[in-house]
Amino acid sequence: VDSAVRNGAVSQMKAATGLTNQEKDGKDFYGKAAERLEHEGAIGILFGPPGAGKTASTLDIASAWRARTGGSVIGNTSYAGFDRQFESDTEMLEAMGNIEGPVLALIDEVAQELSGFGEGSKDAEAFSDALLFIRKRQRRHGPYAKKGSALLVGHTRKKVAKSIRRVASFGIEKPHRDQPDKARLLDSEGGTDTWEEADSYQGLTDTAETYAEYEPSEVTIKEAYND
């Protein structure tokens, strides 16, 4: 400690006094996650086991994002709060291209349809290409330049296809089914599939939104990316 003080090494002093990796107040979590999605082309992945409250967290993050940006929220489930719904990559890109202003896409259960294993590997690779177009202007998708970002719900990191993990700009982890009030923000450098913990939060409250908790979700691949 004396050496750290003499050298002005703040990180060493924090480590010595137990100030590192302290859990932050859960009420700040949704705003911090929404802030990361404000950047056009931002892609986040929410990891966690079934029952950890992943979908509920995405809805509250989307509400915080909408309040900060005034933008539109679209998704691949029947949640009534979406401005538009989609069931394929084409419909997602067309929704973004036909809405003037920022758009956030919530994509539930990507590990279910786009696992990266077997036949799902080609679809996962194609969908990772779709995510690269969420801030491009393409006339076939609509008159407006896409000002999109996306938040994907998966399971464990291994069950989300590597091709999708590699395009993510950050992650969220809800690691415990029996502790849905806890979450971690993860930093990821796009293209590397490396993850480092940024902040931990505790005290997250359950969403007040009403949604079909057990509804199956789907994303089909229709775009011809090889062309």
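1. How exposed is Glu197, in terms of relative accessibility? Glu197 counts as partly exposed, at 41% relative accessibility. Please bear in mind throughout that this is a predicted model. Glu197 pairs with Arg184 in a salt bridge, where the closest N and O atoms are 3.7 Å apart. Arg184 is also partly exposed, with a relative accessible area of 24%. Glu197 belongs to strand β9 (residues 196-202) and Arg184 to strand β8, so this pair ties together parts that are 13 residues apart in sequence.

2. The side chains of Arg157 and Glu173 form a salt bridge at 3.2 Å, N to O. Arg157 sits in the loop between β6 and α8 (162-165), while Glu173 is part of strand β7, so parts 16 residues apart in sequence are tied together. Arg157 is partly exposed at 29% relative accessibility, whereas Glu173, at 14%, counts as buried. Through shared partners, salt bridges join Arg157, Glu173, Arg184 and Glu197 into one network.

3. The count of salt bridges comes to 10, and one of them links Arg66 with Asp83 at 2.7 Å, N to O. Arg66 lies in helix α4 (residues 54-69) and Asp83 in the loop between β3 (72-75) and β4, so the pair ties together parts 17 residues apart in sequence. Both partners are partly exposed: Arg66 has 29% relative accessibility, and Asp83 has a relative accessible area of 43%.

4. Now to strand β7 (residues 170-173), which is covered on both faces. Phe170 and Ile172 are buried on one side, and Gly171 and Glu173 are buried on the other. β7 pairs with β2 in the parallel sense over four bridges, and with strand β8 (residues 182-187) in the antiparallel sense, also over four bridges. Gly171 is a handy landmark for both pairings: Ile45 stands opposite Gly171, and Gly171 stands opposite Leu186 in β8.

5. What about the nonpolar interior? The largest nonpolar core has 31 residues, and those with the most contacts inside it include Ile74, Met92, Phe127 and Leu152. Two or more residues each come from β2 (43-47), α5 (89-97), β5 (102-107), α7 (120-131) and β6 (147-153). α7 gives the largest share, five residues. Apart from this core lies another, of 23 residues, among them Ala64, Trp65, Leu151 and Ile172. As background, nonpolar side chains tend to be buried together in soluble globular proteins.

6. Ser88 is placed in the loop between β4 (84-85) and α5. A polar atom of the Ser88 side chain lies 3.1 Å from the backbone nitrogen of Glu91. Beyond its neighbours within four places in sequence, Ser88 is in contact with Val219, Thr220 and Lys222.

How values were computed:
Residues are numbered from 1 along each chain as its sequence is written. This is a predicted model: local features need pLDDT of at least 70, side-chain atom pairs count only at pLDDT 80 or more; totals for chains, interfaces and linings use all residues. Side-chain values use heavy atoms; hydrogens and water are left out. A nonpolar core is a set of buried Ala, Val, Leu, Ile, Met, Phe, Trp, Tyr and Cys residues joined through side-chain atoms within 4.5 Å. Buried means under 20% relative accessible area, exposed over 50%, partly exposed in between (1.4 Å probe, protein chains only). Two strands pair if DSSP finds at least two bridges between them. A polar contact is a pair of N or O atoms within 3.5 Å; within protein, one must be able to donate a hydrogen and the other to accept it, and residues adjacent in sequence count only if both atoms are side-chain atoms. Contact means heavy atoms within 4.5 Å. A salt bridge is a side-chain nitrogen of Lys or Arg within 4 Å of a carboxyl oxygen of Asp or Glu.
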